[in-house]
Amino acid sequence: MNTLARRAAFVFAAASAALGMTVSSASAGAQAPWTVTPSGPYTATAPNPSLSVPNATLTCTSSTAAGSLASSTTNQVGTITSITFSGCNVLGIPFTVAMTVTPWKINATSISGSTVTGNVSGISAKITGTGCTATFTGTANGNYGNTTKKLNLTGVGTGLKATSASCLGLINTGDVASFVASYAVSSQPVIS
């Protein structure tokens, strides 16, 4: 093998090794498999959840969710099969919130200390008030505290949007929504 060919082979091998290392490092970020103890059904309640878009904020007095949690070889560790919101309003105008697609998926992506970072995906919900309807779909980022036993939706990110809206300009199709809530989980699971 001539010198040029040897150098090319060396560079190719080094590049391949670097690429392999990069892929391995990225894969290491996905923490699956996950263990959930105890697994099974749960209920969860949150005081004062809110959903904000640039021109308006929907506030509620409470929310209740139910579903199931389970150990998993993927990042999905649970589902939300029902969710209700009470005492909701926008600028003092009463609103209702209805889940339009079920289930929503609870996903864990990484863990640091007692905090599991993840998201709730597959969200689809419709809000309705006087002169206003809007549908929101997508993913809400958050975390679960193994110490606090709370599923926190933090409002961070751009994954939840208004996919349709007729709301006098307060909510517009394409608006990025911030869903903030802290759900105390009845079964008090530990996710690891």
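Two strands are treated as paired if DSSP finds at least two bridges between them. Strands (E, at least two residues) and helices (H or I, at least four) are DSSP runs numbered from the N terminus. On that basis, strand β2 (residues 40–47) and β5 run antiparallel and are joined by 8 bridges. The model is predicted: local features need pLDDT of at least 70, side-chain atom pairs count only at pLDDT 80 or more, and totals for chains, interfaces and linings use all residues. Residues are numbered from 1 along each chain as its sequence is written, and side-chain values use heavy atoms, with hydrogens and water left out.

**Strand pairing around β5**

- Within the pairing of β2 and β5, glycine 40 has leucine 69 of β5 as its bridge partner.
- Strand β6 (residues 76–86) is also antiparallel to β5, and 8 bridges join the two.
- β5 and β6 form a hairpin, with 6 residues between them.
- In a regular strand, side chains alternate between the two faces of the sheet.

**Disulfides**

- A search of the whole structure finds 2 disulfides, a disulfide being a pair of cysteine sulfur atoms within 2.5 Å.
- With the bonded cysteines of the chain numbered in sequence order, the pairing is 1-2, 3-4.

**The link of cysteine 60 and cysteine 88**

- The sulfur atoms of cysteine 60 and cysteine 88 are 2.0 Å apart.
- This pair links distant parts of the chain, 28 residues apart: cysteine 60 lies in the loop between β4 (56–59) and β5 (62–69), and cysteine 88 in strand β7 (residues 88–90).
- The disulfide of cysteine 60 and cysteine 88 is right-handed, because the torsion about its S-S bond is about 105°.
- Cysteine 60 counts as buried at 5% relative accessibility, and cysteine 88 counts as buried at 7%; buried means under 20% relative accessible area, exposed over 50%, and partly exposed in between (1.4 Å probe, protein chains only).

**The link of cysteine 132 and cysteine 167**

- Cysteine 132 and cysteine 167 form a disulfide with their sulfur atoms 1.7 Å apart.
- Cysteine 132 is in strand β11 (residues 132–145) and cysteine 167 is in the loop between β13 (160–166) and β14 (178–185), so the pair ties together parts 35 residues apart in sequence.
- The link of cysteine 132 and cysteine 167 is left-handed, with -90° about the S-S bond.
- Both cysteine 132 and cysteine 167 are buried.

- Threonine 135 has its place in strand β11 and is buried, with a relative accessible area of 18%.
- Leaving aside neighbours within four places in sequence, threonine 135 is in contact (heavy atoms within 4.5 Å) with Ser124, Ala125, Lys126, Lys161, Ala162, Thr163 and Ser164.
- Leucine 170 is in the loop between β13 and β14 and counts as partly exposed at 27% relative accessibility.
- The C-alpha atoms of leucine 170 and cysteine 132 are separated by 8.6 Å, although the residues are 38 apart along the chain.
- With neighbours within four places in sequence left aside, the contacts of leucine 170 are Val53, Asn55, Ala56, Leu91 and Asp175.

**Nonpolar core**

- A nonpolar core is a set of buried Ala, Val, Leu, Ile, Met, Phe, Trp, Tyr and Cys residues joined through side-chain atoms within 4.5 Å.
- The largest nonpolar core has 45 residues, of which Leu58, Phe136, Ile171, Phe179 and Tyr183 touch the most other members.
- Not counting residues up to four places away in sequence, phenylalanine 179 touches Pro49, Ser50, Leu51, Phe85, Ala140, Leu153, Thr154, Gly155 and Leu160.
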